[in-house]
Amino acid sequence: MTQSRPHTLFSFGTLMDERVQTALFGQAVPSSAASLTGYTTRPLPITDQSVITTSGLEVHLTLSRKVGAVVEGAILHLTDHELAAADAYEVDDYARRRVLLSSGEIAWAYLDAKPLRSAARIVIVGDSIAYGRCDPDGGWAGRLAAAHIAGSEAEHRVFNLAIPGSTLTDVSEQTPALLAPRLPDTLLVAAGINDSALPLATAQPHSDWLTHIADSLGSLAATALDHNARLVVAGPTWLDESRTRDYEGLRFTHARALALREFLRTWCAEKHIDYLDMWEPLRDNTKLLTDGLHPTPDGHRALHRHLDALSR
């Protein structure tokens with residue numbers, strides 16, 4: 001079975017229905033009972049008529065995070081073709097992501113496509129921009145925390161563990177020990193500009209720097225999954241290269257920052273991990289940067305508005 005049906009998909013809704021399976025896959029597929037801890041469900045109205053016709057329902061279910069909750073469902077064993085058919089069936093409100101089942105098995109599941117909309121407990125890790133440097137109100141992360149907690153003071157939490165100067169290597173090494181007591185369901189990684197900087201002492205490109213970033217992201221993805229958390233990667237923000245040529249012994253350039261941005265976008269798409277592009281809100285607006293690199297309070301407000309629109 002594993003050779004011909006290599007994919008395991010956790011289903012909690014219409015895909016468990018044999019009529020839907022027959023319509024999508026041409027037959028009922030092998031399945032077994034399973035559960036997903038740390039999630040609950042909420043209704044999702046469907047407007048795609050083809051999906052309504054296949055399922056017979058105008059309202060489906062989607063997953064939301066809740067400590068202590070359990071969703072009962074089934075694991076479907078699928079071929080490549082059947083998994084592609086399931087992807088085509090699910091509407092744009094869903095995204096296929098990895099989850100850790102109650103049994104300890106890792107499987108695919110269709111989650112809310114807006115990565116922070118279904119979150120309850122968010123841990124933020126990253127550098128000085130995620131930390132909120134140059135903004136007494138805590139930057140975009142502080143504004144995110146205020147809005148998120150206001151949504152449910154009893155259940156929502158945000159823990160900003162960003163450290164100024166951090167690279168993704170630092171973050172990947174430090175994060176595992178920090179997560180357990182905070183019970184996160186979402187790990188938001190600000191993949192900041194430090195990863196693209198060149199030390200002025202060398203001023204030479206390091207050909208393997210993106211390889212190191214891939215290794216760090218892979219480690220963070222594994223860490224998040226170990227805690228049944230959803231990894232969300234926020235890309236670098238725009239910089240004013242004319243003002244950051246020599247910043248604390250580092251060289252920041254558009255070329256390197258854009259290479260990082262494109263690499264993160266591609267890596268996340270290939271790994272089915274959420275990517276939030278943070279470049280555009282500050283682009284070509286140097287007045288929103290205090291030193292060509294760190295956003296002003298108004299810059300952080302712009303980043304938060306953009307992040308909110310992308311993820312909620």
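Where is the place of Leu-179? Let's start there, keeping in mind that this is a predicted model.

**View 1. Leu-179 sits in helix α7.** The helix covers residues 176-179, and Leu-179 has its place in it. With a relative accessibility of 0%, Leu-179 counts as buried, because the cut-off for that word is under 20%. What does Leu-179 touch, once you leave aside its neighbours within four places in sequence? The list is Val-123, Pro-184, Leu-187, Thr-223 and His-227.

**View 2. Helix α5 runs from residue 139 to residue 151.** Which residues of α5 are buried? They are Gly-139, Trp-140, Ala-141, Arg-143, Leu-144, Ala-145 and His-148. An α-helix has 3.6 residues a turn, so residues three or four places apart point the same way. The buried residues of α5 pack against the strands β6, β7 and β8 and against the helices α4 and α10.

**View 3. His-148 is one of the buried residues of α5.** Its relative accessible area is 2%, so His-148 falls on the buried side. Setting aside neighbours within four places in sequence, His-148 is in contact with Ala-119, Ala-120, Arg-121 and Ile-122, and also with His-156, Arg-157, Val-158 and Arg-312.

**View 4. The largest nonpolar core has 33 residues.** Ile-122, Ile-124, Trp-140, Leu-144, Leu-188 and Phe-252 touch the most other members. Which element gives the most to this core? That's α5, with four residues. At least two residues each come from β6, α4, α5, β8, β10 and α10. Zoom in on Leu-144: beyond its neighbours within four places in sequence, its contacts are Leu-116, Ile-124, Leu-188, His-304, Leu-307 and Arg-312. Another core, of 23 residues, lies apart from the largest one, and includes Val-189, Ala-191, Val-233 and Trp-267.

**View 5. Helices α1 and α3 pack together.** Residues 18-25 form α1 and residues 80-89 form α3; their axes are 9 Å apart, at an angle of about 110°. The two helices are therefore roughly perpendicular to each other. Val-20, Leu-24 and Phe-25 of α1 meet Glu-82, Ala-85, Ala-86 and Tyr-89 of α3. Sorted by class, that contact has six nonpolar residues, one charged and no polar.

Notes:
Residues are numbered from 1 along each chain as its sequence is written. This is a predicted model: local features need pLDDT of at least 70, side-chain atom pairs count only at pLDDT 80 or more; totals for chains, interfaces and linings use all residues. Side-chain values use heavy atoms; hydrogens and water are left out. Buried means under 20% relative accessible area, exposed over 50%, partly exposed in between (1.4 Å probe, protein chains only). Contact means heavy atoms within 4.5 Å. Axes are lines fitted to C-alpha atoms, for helices over the stretch in contact, and angles run from 0 to 180 degrees between N-to-C directions. Angles under 35 degrees count as roughly parallel, over 145 as roughly antiparallel, 65 to 115 as roughly perpendicular and the rest as oblique. Ala, Val, Leu, Ile, Met, Phe, Trp, Tyr, Cys and Pro count as nonpolar, Asp, Glu, Lys and Arg as charged, and the others, Gly among them, as polar. A nonpolar core is a set of buried Ala, Val, Leu, Ile, Met, Phe, Trp, Tyr and Cys residues joined through side-chain atoms within 4.5 Å.
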